[in-house]
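Student: Can you walk me through reading a few features of a model? I'd like the general idea and then the actual case.

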Amino acid sequence: MSAAKNRECDLIVVGSGAGGLATATTAAYLGLDVIVIEKEKWIGGTTAWSGGWMWIPRNPLAVEAGIVEDVAAPRAYLEAELGEAFDAPRVDAFLEQGPRMVAFFRERTRLDFIDGNAIPDFHDRSPHSVKGGRSVCAAPFDGRALGPDIARLRPPLEEISPFGMGVGSGADMRHFLSATRDTRSFAYVAKRVLRHAAETARFGRGLWLVGGNALVARLMKSANDLGVTILTEAPARAPLIENGRVVGVEVGGQTPVEIRARRGVVLASGGFPHDVARKAAMFPHAPTGREHWSAAPEGNVGDGLAIGEAAGGRVRRDLSDAGAWAPVSLTPRREGFGRFPHLIERAKPGLIMVTRAGRRFANEADSYHDVMQALFAATPKGASVEAFLICDHDFQRRYGLGRARPRPFSVRRWINNGYLKRAGSIADLARQCGVDAEALEETVNTFNAGAAEGRDDEFHRGESPYNRVQGDPERTPNPCVGPIARAPFYAVKIVAGSLGTFAGLKTDADARVLDVEDRPIEGLYAVGADMSSIMGGRYPAGGITLGPAMTFGYIAAHHASGVPLDNNRAAPARSPQG
């Protein structure tokens, strides 16, 4: 943080992920003097490590492509998915303002989007699920536009970024997976790698940004253009309260300073995925809080929730799931372990996932959240939550298995450090993993019998639109199913993990934090993971964290500024100098 001194502004935003930066950018456009405070040296939070996708039904990019639906359709889908957790006022605010949010950022800021018109909802059996048209992602961005501020952008997650280079979903990922088999893909990847190497040598990092990194960079550039102040290494410690209203925050360490805000404080610090005490209290599978491994940044320890509680707010404990579960493997580092989120390879043909009993327990191609729910259910009470991804040589060389990347990368390092298990037979692999060998052989034989014909008779992998879009389109007749046949065979251990948390501060449809009697606390808002998820602990589609985070940041900024939500186009933009 710059020189320690008390400050004053119109609006304080605590946290610099998508929710926080969307709030700050919108509020600055609406004429407010905004300060963002970030505890870490990096800007971007969990968003910078994410795929950057946002679930926004009826978004302008879908409409422009001819995908038009009445708001009643996504509302009905959410009613079916959320059940008793359906919060009509907040869901309606999200569905109404989400498309307006996308239009605002496209037309008034540096944020541009690519469509997700071919990305299905997770659960096709729910009424009004669709095969596409409800998702958007930040368009790739040239980091040179940030100037010196590029040094403050959180780099992509090391575990999923070869050479520190972000790889986007869709065509970008397909080229990387096909580079050793297709000359066009090889040329594409070679160009990307050479550019990344040149930029890293000159600037210390790659500048062609994709996914969540591009989303944060575009929001940073927009915030900079509008005169937003972003302070890093500035941890928020406590709320400043006067006459029942939150008027600022105390910031810093041994000699804290006060930053006061005329219009309020917005909490957007990323939830509590690394808060041991809250995990112990809210994650049934982590009785001490240490049996859970999140892929979110380690600085996300519930700072915003603590500030909200100190101001009279309350964290909801009635969600069906308190976290956004995901299968994670632990990658050895010089100090501790990295966390690899298994989001991509599970749907590819030639892999299964088993418990120590040697049995499959889920459709491996289903969503990360669904797969982990199935693993929790399959784990005996009191036992460690763990499973193993099993594949053959062809699979590992084509798609990779966790941190052990595909051809042409070597797997030797990951075998030597114990992360990747390799054996000449399924029985030997089972013994290395501590898995029932006889059961695993039977499981693989049963799976292979159907897989040879493109079937999964046990869990019907590859039969849903979401499964198929995650599979390999070159594989027929089922893009998600293929036999595990060619030795050597490989395995990676999975542990209980998450991408973030759902349980947060209770808020209303304006993103205002509510007290124990459900009254708005004056001057206090929460968005992103600091706001209790509008999905009530369910996970109906990809992007249901960033979509609402961006939308409620947009809503909170309007409420704090006093500008009606349907009138933002008439508001004067602040100059870059403020």
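Student: Let's start with alanine 234: is this residue buried or exposed?

Tutor: This is a predicted model, so everything here is computed from it. Anything under 20% relative accessible area counts as buried. Alanine 234 has 1% relative accessibility, so it's buried. You'll find alanine 234 in the loop between β8 (229-231) and β9 (236-242).

Student: How many residues separate alanine 234 and valine 14 in sequence?

Tutor: They are 220 residues apart along the chain, yet their C-alpha atoms sit 9.4 Å from each other in space.

Student: And what about threonine 25, buried or exposed?

Tutor: Buried: the relative accessible area of threonine 25 is 0%. This residue belongs to helix α1. Its side chain reaches back to the backbone oxygen of leucine 21, at 2.8 Å. If you skip neighbours within four places in sequence, the contacts of threonine 25 are Phe105, Thr109, Leu219, Ser222, Ala223 and Leu226.

Student: How do I read a pair of helices?

Tutor: Two packed helices are described by the angle between their axes and by how far apart those axes are. Here, the axes of α1 (residues 18-29) and α16 (residues 546-561) come within 8 Å and cross at roughly 30°. Angles under 35 degrees count as roughly parallel, so that's the label for α1 and α16. Their crossing is right-handed.

Student: Which residues make the contact?

Tutor: From α1, Ala18, Gly19, Ala22, Thr23, Thr26 and Ala27; from α16, Leu546, Ala549, Met550, Gly553, Tyr554, Ala557 and His558. By type, that's eight nonpolar, five polar and no charged residues.

Note on methods:
Residues numbered from 1 in each chain as written. Predicted model: local features only at pLDDT ≥ 70, side-chain atom pairs only at ≥ 80, totals over all residues. Heavy atoms only, no water. Axes fitted to C-alpha atoms, helices over the stretch in contact; angles between N-to-C directions. Helix = DSSP H or I, 4+ residues; strand = E, 2+ residues; numbered from the N terminus. Parallel < 35°, antiparallel > 145°, perpendicular 65-115°, else oblique. Left-handed = near helix turned anticlockwise from the far one by under 90°. Contact = heavy atoms within 4.5 Å. Nonpolar A, V, L, I, M, F, W, Y, C, P; charged D, E, K, R; others polar. Buried < 20%, exposed > 50% of the residue type's maximum accessible area, 1.4 Å probe, protein only. Polar contact = N/O pair within 3.5 Å; in protein donor to acceptor, adjacent residues only side chain to side chain.
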